[in-house]
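Colleague: I am new to reading protein models. Could you take me through one, feature by feature?

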Amino acid sequence: MRTTDTDEGDRGSVLPSNKRTRTQDDPRRRAHASRGVASAALAGLMLATTACGSDDAVQGAAPAVPDDLECFSGSLHGSGSSAQENAMTTWIAGFQSACEDARIYYDSIGSGGGRNQFIDGAVSFAGTDAALDPEENADAMERCGGSDTINLPTYVVAIAVVFNLEGVDSLDLSPDTVARIFDQNITRWNDPAIAADNPDLDLPDLAITQVTRADDSGTTENFTNYLSQAAPDSWPHEPGGQWPITPRESAQGNSGIADTVSRADGAIGYVEMSHLHGLPAANIGVGDEFVPISPEAAAKVVADSPRREDNTSEFDLALDLDYGTTEAGSYPLVLVSYETVCRDYPDEGEADRVKAFLRYVVSPEGQEEASAETDSTPVNDDLRAELLRSIEAIGS
């Protein structure tokens with residue numbers, strides 16, 4: 001294992017080469033016996049995913065890492081997607097537990113904020129649920145030393161339509177019904193459209209409280225893309241990261257929506273799957289069936305998705321998702337979250353730190369650990385090979 005260059009601006013001097021700080025078990029070992037154990041193991045590191053950061057050691061069993069993990073000395077800063085928050089905490093815990101001189105900080109401020117901070121040069125990478133568009137790429141070229149950006153799909157997870165309805169644990173919703181609810185055209189739970197989707201339910205005559213994102217959100221952009229493609233006759237708004245109409249209730253981040261929905265009978269919202277927090281998720285209409293949320297059903301949509309036509313280069317892996325699919329067993333309400341980076345960084349040390357961390361993020365160990373904690377869908381071997389090829393193309 002080699003150590004990449006130190007971040008001299010943060011540390012002031014070259015630090016000793018990193019050592020792996022724990023003995024590797026059987027590579028097939030999982031770092032936890034059940035979902036939630038990793039959360040306890042990460043407790044000492046949670047502040048590292050906020051603006052402040054943390055130098056606390058990881059307590060308990062740390063997430064698994066590859067035997068050939070490459071460490072760096074110094075610090076690496078990213079910001080953005082709240083959908084990635086739990087996965088990023090897991091990845092940071094794994095990397096820092098094995099690389100004692102590395103400090104990684106991630107500020108979960110929403111995808112739009114992360115893209116803005118990356119373009120401004122405040123962070124080395126942006127976590128974003130919507131890949132940079134051509135205009136944003138042009139804006140980022142100065143911070144990237146004249147090079148283009150590349151978008152790397154590292155986190156794939158289903159978006160849940162969560163609800164809080166006393167006495168109702170399972171709910172079927174067709175795309176048009178979902179669209180009309182969130183467009184505030186359906187305002188009560190016993191509306192005929194909801195009743196038609198759920199003929200065996202005794203639905204209450206109760207007002208619906210739609211809870212949407214207050215911040216510029218990649219989850220919102222993916223959700224509104226789904227509504228536009230799956231229910232074009234019922235959703236008249238353009239897709240985007242900002243909620244397009246005056247909200248009934250709004251909240252910051254995925255956690256904010258989950259918390260608000262959980263406290264209000266009659267509420268409904270949308271969160272990525274790791275933020276369910278015990279809330280029930282609606283089964284989504286696809287063709288003639290209603291499909292429950294699951295990583296496996298979400299994977300079917302991603303596997304067949306082509307590259308976006310306006311990608312910057314062969315190394316830019318942004319996907320063009322088919323949210324309107326009617327393939328049996330598919331769950332089309334999917335979020336693909338990216339790490340957006342420079343193709344070339346002005347500073348070689350920064351490039352090496354980004355590459356070292358991202359190699360772990362896309363490794364089988366990194367993907368499986370994130371999946372166990374968040375119910376995300378690990379990238380398959382073919383996509384991993386493409387991701388590693390793009391990561392190796394990052395230079396200075």
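Colleague: Which helix holds Pro-175?

Modeller: Helices are DSSP runs of H or I with at least four residues, strands are runs of E with at least two, and both are numbered from the N terminus. Pro-175 lies in helix H6, residues 175–182. This is a predicted model: local features need pLDDT of at least 70, side-chain atom pairs count only at pLDDT 80 or more, and totals for chains, interfaces and linings use all residues. Residues are numbered from 1 along each chain as its sequence is written, and side-chain values use heavy atoms, with hydrogens and water left out.

Colleague: Is Pro-175 buried or exposed?

Modeller: Buried means under 20% relative accessible area, exposed means over 50%, and partly exposed is in between, with a 1.4 Å probe and protein chains only. Pro-175 has a relative accessible area of 16%, so it is buried.

Colleague: What does Pro-175 touch?

Modeller: Contact means heavy atoms within 4.5 Å. Leaving out residues up to four places away in sequence, Pro-175 touches Tyr-226, Ala-230, Ala-231 and Gly-285. Sequence distance and spatial distance are separate things to read. Pro-175 and Trp-235 are 60 residues apart in sequence, and their C-alpha atoms are 9.7 Å apart in space.

Colleague: Gly-285 was among those contacts. What is the bridge partner of Gly-285 in E12?

Modeller: Two strands pair if DSSP finds at least two bridges between them. The partner of Gly-285 is Phe-290. Strand E11 (residues 283–286) and strand E12 (residues 289–291) pair in the antiparallel sense over 3 bridges. Their hairpin has 2 residues between the strands, and Gly-287 takes a positive phi near 65° there.

Colleague: Which residues touch the most other members of the largest nonpolar core?

Modeller: A nonpolar core is a set of buried Ala, Val, Leu, Ile, Met, Phe, Trp, Tyr and Cys residues joined through side-chain atoms within 4.5 Å. The largest one has 109 residues, and Phe-95, Val-161, Phe-182 and Phe-357 touch the most other members. E6 gives the largest share of this core, 11 residues.

Colleague: What is Phe-357 in contact with?

Modeller: Setting aside neighbours within four places in sequence, the contacts of Phe-357 are Leu-76, Met-88, Trp-91, Ile-92, Phe-95, Ile-104 and Phe-125. Phe-95 is also one of the residues that touch the most other core members.
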